[in-house]
Amino acid sequence: MVNLVINSKHISVEEGSTILEAANANGIHIPTLCYLKDINEIGACRICVVEVKGVDRLTAACNTPVEEGMIVYTHSPKVMMARKVTLEIILSEHNYTCPTCTRSGNCELQSLSEEFGLTAETYKKRMVKMEWDQNFPLIRDNEKCIKCMRCIQVCDKVQSLSVWDIAGTGTWTTINVNNGLDIKDANCAICGQCITNCPVGALQARHDKESVYAALSDPDKVKVVQVAPAVRAAWGEQLGLQPEEATMQKMGEALRQVGFDYVFDTNFSADLTIMEEGSEFLQRLANKDQNKFPMFTSCCPGWVRFLKSQYPDMVPQLSTAKSPQQMFGAVTKSYFAEKIGRDPKDIVLVSIMPCVAKKMECTYETMKDEVRGQDVDFVLTTREFVKMVKAANINVLDLEDKPLDDPLCDGTGAAVIFGTTGGVMEAALRSAYFLATGKNPEPDAFKDVRYYHDGWNEATFDIEGTTVRCAVASGLGNARKLIQAIRAGEVEYDFVEVMACPGGCVGGGGQPIHIHHNQMYSVRAPRLYQLDSDNPIRFSHENKQVQQLYSEYLGEPLSEKAHHLLHTDHNGWKM
Amino acid sequence: MARQKIQSLSAVEETVDQIYRELGSRVNAAMTNACPIDVALGFVRLCQSQSCGKCTSCRSGLGQLATLIKRVLDGYGDMADIDLIERTAQSIYLSADCAIGYEAANMVRLCVKSFREDFESHINQGKCSYFFNRPVPCVSRCPANVDIPGYIALAAEGRHADAVRLIRKDNPFPTACALICEHPCENNCRRQMIDDSINIRGIKRYVCDKAGFVPAPACQPSTGKKIAIIGGGPSGLTCAYFLQLMGHQTTVFESKANLGGMLRYGIPNYRLPRERLQEDIDCILSTGVEVKLNTKIDSPEEIQKLKEEYDALYISIGAHKDKKVRLENEDADGVISAVDMLKAIGNDEYPDYTGKQVLVIGGGNVAMDCTRTAVRAGADKVSVVYRRRIADMTALQEEIFGAQAEGAEILELVAPTRIETDENGKLIGLWVKQQMISRYKKGRPAPADAGEDEYMIPCDILVVAIGQGIESEPFSEFGLPTKWDQIDADDYTYIKDQPGVFSGGDCATGPATVIRAIAAGKTAAANIDEYLGFNHEIESGVEVPPVTTYDRFHCGRVNLREREAVVRNKNFEPFEYGMTDKEALQEAKRCLRCDHFGFGCFRGGRNFKW
């Protein structure tokens with residue numbers, strides 16, 4: 001242990017701790033801006049500087065280890081002066097358009113400025129404009145970038161894709177796509193982790209709200225919305241709601257008030273995915289010699305993009321099942337259109353997703369056809385949905401808990417956990433067990449694959465004498481480690497689930513952003529498991545509406561019609 | 001009223017003077033990977049501040065140039081601006097009244113010419129084509145990328161053996177380099193922005209002197225692969241050391257009676273004592289290297305045989321052939337080559353020049369070695385004959401000063417014309433012509449005939465030290481490509497169309513420094529390992545101490561002290577003293593820890609393994 005004094009408080013911390021960690025552990029607040037624990041501890045912004053007695057110059061608290069006998073002042077006049085000037089300089093290269101900025105309210109720079117009580121601009125603005133393709137789902141605004149380097153570090157260290165890099169030198173240093181590439185050519189998975197870790201609004205998801213409003217105002221259209229599983233664990237956060245107050249039913253009512261005619265649930269197609277993907281897995285397993293293993297899940301578009309760009313030879317190992325979002329689109333614009341007797345092209349389908357990559361996924365060539373048009377027309381992030389609720393001045397707590405709309409609203413407990421890492425695997429195993437044995441397992445029999453950590457989870461299950469070796473990874477850096485181990489022959493699996501974002505969709509790039517809390521997946525995942533255990537039906541194959549869809553329309557899993565609507569060729573589009 | 005005043009600097013002038021001095025240090029510390037246009041802008045702005053303001057071209061033209069360049073940097077430039085910059089610079093160059101203007105503009109002309117592509121990249125793509133990728137200046141400048149801040153931090157903590165282990169991760173010759181490395185690592189040391197570069201070699205010497213015997217790390221499990229290494233100098237032995245650590249079996253074929261190459265057969269004992277060199281060699285050999293001494297590989301058949309018997313081949317034969325000065329009577333009795341002189345010493349055969357007058361032709365480090373050796377061999381008088389000025393010599397300054405202090409004289413601007421012999425063909429003197437320094441050729445001031453008559457300098461011994469050649473004939477006969485007499489290997493030590501054959505060190509680059517030869521051996525080891533289908537990693541296992549917080553006040557650099565010249569020039573004992581504990585601690589604490597502060601803590605601060 002190392003003994004030191006911070007602001008006259010005598011404290012003792014573990015050797016190797018930084019001054020910032022020592023302060024945090026003892027309830028002393030040191031402001032930070034570029035700092036991201038374990039990922040970006042590089043003292044770039046100079047906001048966290050502190051005074052060490054006996055040393056003239058200030059020291060960055062975030063990456064300076066404590067020393068025995070050190071006396072630290074976190075808010076001395078010298079520190080306060082330097083921090084304020086630094087903040088003013090940072091502001092001089094930040095184009096603050098707070099009223100129209102998507103990050104107003106959860107911007108770390110805005111919050112710091114308020115904390116420091118800044119009242120005037122000291123320095124002349126010096127911003128450099130850079131061109132950006134405004135149609136790409138990920139948007140970067142150089143005039144807002146404060147060069148904290150977090151995006152570079154997150155993409156390097158967490159996602160292992162290194163999409164971002166330093167560009168230019170000296171005063172001209174900024175961040176841009178690696179190797180000067182155009183973002184669309186940079187093998188970006190569009191996971192959006194750089195967005196949720198950006199302290200300001202320099203990185204954003206493309207805004208599609210206005211297109212949705214335009215569609216909602218068209219009287220000739222049937223307006224349909226689907227809501228992804230992970231959204232329900234997060235949407236209430238920025239509306240000041242407790243998790244149990246932010247019910248799916250209230251969310252449905254809010255969507256109706258915004259103008260949707262039908263509010264459906266992606267949980268429905270999550271269960272449908274299990275029927276297709278689970279059957280496909282059993283089929284591949286039955287023909288083991290004709291198939292390469294492991295089979296990979298295909299519900300996460302960020303992961304699919306990663307595999308296509310990094311390990312193209314392994315793409316045939318992806319399940320051919322479309323993601324739940326896209327299955328939902330295909331069913332809505334066929335089965336449902338027939339049910340209500342409307343031309344599929346009269347239907348506008350909007351998805352509310354915790355994801356940025358979904359905005360890209362719905363535009364792939366393979367996700368549209370002549371008859372139905374584009375299966376999913378628009379994708380809004382959870383954040384965009386929250387903004388629509390705010391704009392409509394909806395008081396959510398006053399809304400009634402009305403059920404969602406038939407016939408695409410039922411979802412089982414197995415479906416709702418699609419929103420967290422391990423959920424797809426667990427749901428698939430629950431039903432695969434049934435499909436193979438004709439009887440249900442204990443619902444929680446496969447919970448060994450739950451929860452995020454560095455590396456991957458693995459579990460081996462016995463389904464009536466057949467051993468199934470499973471692995472679950474989230475975060476693309478972890479996915480890369482897993483794939484490298486598979487390719488090196490160090491590990492062998494039959495079935496592997498990957499989600500691009502750490503923790504899965506609950507930690508998705510489209511989810512609400514909170515200052516100083518980039519690990520919300522750890523708060524949101526338990527909510528989904530709660531919803532699972534609260535649900536009287538916990539097996540996808542018991543979903544009544546899914547059963548109805550098969551009996552009335554598709555026949556059985558992997559039928560020709562199911563193949564046509566619910567499966568895809570991952571090589572049918574280019575990155 | 002007084003008529004005159006003694007000129008003195010005002011306080012303001014003194015500060016400005018200080019700015020210029022600090023600017024000079026900063027320029028010394030600069031790494032060449034900044035945006036070239038940004039550097040050009042900085043240059044033009046400085047020139048602008050020097051303009052006296054009288055003439056249009058300089059006063060206002062340089063300002064316009066700066067504005068135009070800044071516009072390109074700001075991303076608002078267009079392609080026409082490049083031509084305008086060029087035309088403006090051309091005009092200022094042609095029309096400015098004095099050098100302040102025309103030399104500034106001339107540099108801008110050169111900039112546009114040499115990096116027009118970067119101007120275009122700024123204009124068309126809105127970005128610079130350069131990246132800041134050398135965060136730790138000393139490590140970047142060290143050809144072997146030794147973890148310098150790491151071992152300096154270890155030195156400060158008194159962990160000498162760990163410091164040696166950390167150095168050996170990249171360089172198995174810590175002791176030899178501690179004594180004789182040319183230390184390019186010190187050239188761009190960021191400490192120069194405060195006062196002076198860190199004495200890196202001195203600190204290395206300190207840890208090597210203090211550490212005592214430090215065993216080599218354990219070798220990785222045997223791979224069963226065999227590699228033949230031709231030449232047991234620094235490059236070959238480095239390659240052998242790392243390949244052994246990776247689990248391969250190496251055999252070194254050395255033509256001479258001892259290992260060490262130029263470290264033994266080029267550098268005299270007073271600079272690198274044999275027993276200190278042997279410390280490094282013993283450690284290298286302890287990893288299991290097989291050695292065949294007195295085994296010269298000098299026929300295509302022998303090379304072919306090695307190629308067949310071994311899985312890979314590394315050629316590191318060095319540059320041990322003397323170069324002739326091509327004067328009449330060069331084969332006269334009394335004329336010897338530097339290579340022969342130092343080779344004899346390498347085999348412990350010291351010459352006796354008692355009562356003789358010795359002349360040395362050359363201006364490099366080898367010439368200085370020969371000079372100082374001749375002094376120690378008891379010569380009455382030793383002089384160096386050099387065509388250019390002392391300032392133009394390629395030898396290290398400390399070597400030149402050392403030679404002078406020990407009693408040798410350097411005759412600058414003297415060009416040899418012919419060698420005079422007596423009737424028995426014995427050397428009696430060297431005819432020379434006085435030169436004057438003149439116009440630049442290939443970027444260097446060149447000598448020209450000063451217009452005086454030829455004269456003779458009498459001498460009994462003439463040492464020709466004008467460079468070394470490479471005995472590459474057997475290898476070119478074998479079919480390896482050569483360039484002049486060098487083996488044509490690339491920066492990866494690969495040889496075109498010769499899979500499994502690698503080459504590096506002096507024989508592939510021409511005579512260069514020890515650390516470059518070591519770096520080539522390290523590169524070859526990595527690429528041979530890769531070629532054999534492995535990916536072994538080399539790491540030190542040493543944890544570098546974290547940074548500590550203290551101010552870096554101005555503090556002078558501790559230089560190594562030398563033995564009194566008139567005492568040391570009588571024998572071949574080491575001429576230099578190491579640092580004291582106190583000196584080493586102060587020097588180590590001067591280090592700015594660029595591995596952590598600055599870009600280092602973000603990227604490129606430390607390579608834990610390679």
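This is a predicted model: local features need pLDDT of at least 70, side-chain atom pairs count only at pLDDT 80 or more; totals for chains, interfaces and linings use all residues.
Which residues in α16(B) meet which residues in α17(B)? Residues are numbered from 1 along each chain as its sequence is written, and chains are lettered from A and ligands numbered from 1 in the order in which they are written.

Now to the helix pair. Ala338(B), Met341(B), Leu342(B) and Ile345(B) are the residues that α16(B) brings to the meeting, and α17(B) answers with Val366(B), Ala367(B), Asp369(B), Cys370(B) and Thr373(B). Two residues are in contact here if their C-beta atoms, placed from the backbone, lie within 7 Å. Helices (H or I, at least four residues) and strands (E, at least two) are DSSP runs, numbered from the N terminus. An α-helix has 3.6 residues a turn, so residues three or four places apart point the same way.

The geometry of the pair comes next. The axes of α16 (residues 338-346) and α17 (residues 365-376) of chain B come within 10 Å and cross at roughly 55 degrees. Those axes are lines fitted to C-alpha atoms, for helices over the stretch in contact, with angles running from 0 to 180 degrees between N-to-C directions. The angle makes α16(B) oblique to α17(B), because angles under 35 degrees count as roughly parallel, over 145 as roughly antiparallel, 65 to 115 as roughly perpendicular and the rest as oblique. The crossing is left-handed, a label used if the near helix is turned anticlockwise from the far one by less than a right angle, with right-handed used if clockwise.

Asp348(B) has a positive phi of about 65 degrees although it is not a glycine. Most residues other than glycine have a negative phi, and most peptide bonds are trans. Asp348(B) counts as exposed, with 11 C-beta neighbours inside 10 Å; a residue is buried if 20 or more other C-beta atoms lie within 10 Å of its own, exposed if 12 or fewer, and partly exposed in between, with C-beta atoms placed from the backbone. His183(B), in the loop between α10 (174-180) and α11 (200-211) of chain B, also has a positive phi, near 40 degrees. With 24 C-beta neighbours inside 10 Å, however, His183(B) counts as buried.

Let us step back to the domains, whose bounds come from an automatic or database domain assignment. Chain B is divided into domain 1 (34-125), domain 2 (137-215 + 540-601), domain 3 (226-320 + 470-531) and domain 4 (322-468). Chain A has domain 1 (2-92), domain 2 (138-205), domain 3 (209-268 + 326-398) and domain 4 (281-322 + 412-566). The two chains also touch: the contact takes 21 residues from chain B and 24 residues from chain A. On the chain B side, these divide into twelve nonpolar, five polar and four charged.

Within chain A, 28 residues of domain 3 are in contact with 25 residues of domain 4. The elements giving two or more residues to the domain 3 side are α8 (266-286), α10 (324-340), α11 (357-361) and α12 (382-391) of chain A. Of these, α10(A) gives the most, with six residues.

Seven of its ten residues are buried, so α12(A) is largely enclosed by the rest of the structure. The buried residues are Thr382(A), Arg383(A), Glu384(A), Phe385(A), Val386(A), Met388(A) and Val389(A), and what covers them includes α6 (209-216), α7 (248-258), β13 (347-353) and β16 (378-381) of chain A. After the helix comes Asn393(A), whose phi is positive, near 50 degrees.

Finally, look for two cis peptide bonds in chain A. One runs from Phe293(A) to Pro294(A), with omega near 0 degrees; the other joins Asp406(A) and Pro407(A), with omega about 5 degrees. Pro407(A) sits in the loop between α12 and α13 (413-416) of chain A.

Definitions and conventions
Ala, Val, Leu, Ile, Met, Phe, Trp, Tyr, Cys and Pro count as nonpolar, Asp, Glu, Lys and Arg as charged, and the others, Gly among them, as polar.
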